[in-house]
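Here are a few friendly notes to read alongside the model. Please have it open as you go through them.

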Amino acid sequence: MANTTSGTVTFDKTFAVDDLIAEAYERIGSQVSSGYQLKTARRSLNIMFQEWGNRGLHYWEVGEADINLVEGQSEYIFFRATGDGTSAVTDPANTYGVADILEATLRTDRTATDQADSALTKIDRSTYSALSNKLSKGTPSKYFVQRFVEKTVVTLYPTADSTNAAKAAHIYFVKRIQDADSTYTDATDVPFRFVPCMVSGLAFYLSQKFNPQLVQQMKLLYEDELARALSEDGSSTSVHITPKVFYPGT
């Protein structure tokens, strides 16, 4: 006889911000009893999400888009949010919250069956600065990324000429983690694998405010669970092992 189970796999979807906050407070021996405790916990959670941006690449926040190239235009800007400005025209539209560009290719006939990509080389500021005519037209072969507070700027070199303006720059980019808002009943922008370390992390942050003697203990638990989540996050590939042929005495 088969075991009777819930038949659902959506705990991370139904685990709202208020549940997360309650669990974190309980881990430091406290309970949510005021609106301020909710507010300060949400603030700590959002600070932690910002800190996760320094913890390497989070694969669930990788997106892709096609930038519509414009003849003679070198810079394509992606703003943090709509309130900061209008981002470059892309497909799909409305690309905001770009933290960095991972890879880019020049895409020909993007909607056709004979679509073709050619890789663009990512260069640093020094290399871009050394280019003599930054507005020269031709086939884009390089791109330079600048990351500012409210926007990320992608600069192509050379700029697209009339022929290449019909093409697109296909990019893989890292998105910012969405904020936990004041609704409290919404889920977080985090996959199920990161729910345990998210709770432990918030408990660590709250212990610094409300139970300092637990700070070291909470930090160890948080770092351990975060390390496991980061090691599991990613995209696995096939591994091929070829034995080396060795003949003794030769």
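1. A word on handedness first: a crossing is called left-handed if the near helix is turned anticlockwise from the far one by less than a right angle, and right-handed if clockwise. In this predicted model, α5 passes α6 in a left-handed crossing.

2. The geometry of that pair is worth a look. Helix α5 spans residues 195-210 and helix α6 residues 215-232; their axes lie 8 Å apart, at an angle of about 155°. That makes α5 roughly antiparallel to α6, because angles over 145 degrees count as such.

3. On the α5 side, the contact is made by P196, C197, S200, G201, A203, F204, S207 and Q208. From α6 come V215, M218, K219, L221, Y222, E225, L226 and A229. By class, this contact has 10 nonpolar, four polar and two charged residues.

4. Next, the largest pocket, which holds about 700 Å³ of space. Its lining has 25 residues, and G53, A99, K175, R176 and I177 lie nearest the centre. Elements that each supply at least two lining residues are α3 (35-52), β4 (98-108) and β11 (168-175). The lining divides into nine nonpolar, eight polar and eight charged residues.

5. A cis peptide bond joins D91 and P92, with omega about 0°. N94 is also in the loop between β3 and β4, and its phi is positive, near 60°. Most residues other than glycine have a negative phi, and most peptide bonds are trans.

6. Another cis peptide bond runs from Y157 to P158, with omega near -15°. P158 lies in the loop between β9 (151-157) and β10 (159-160).

Note on methods. Residues numbered from 1 in each chain as written. Predicted model: local features only at pLDDT ≥ 70, side-chain atom pairs only at ≥ 80, totals over all residues. Heavy atoms only, no water. Axes fitted to C-alpha atoms, helices over the stretch in contact; angles between N-to-C directions. Helix = DSSP H or I, 4+ residues; strand = E, 2+ residues; numbered from the N terminus. Parallel < 35°, antiparallel > 145°, perpendicular 65-115°, else oblique. Contact = heavy atoms within 4.5 Å. Nonpolar A, V, L, I, M, F, W, Y, C, P; charged D, E, K, R; others polar. 1 Å grid on protein atoms, 1.4 Å probe; cavity = no way out; pocket = protein on both sides within 12 Å on 5 of 7 lines; lining within 4 Å. Points joined across faces, edges and corners; volume = space filled by probe spheres on them.
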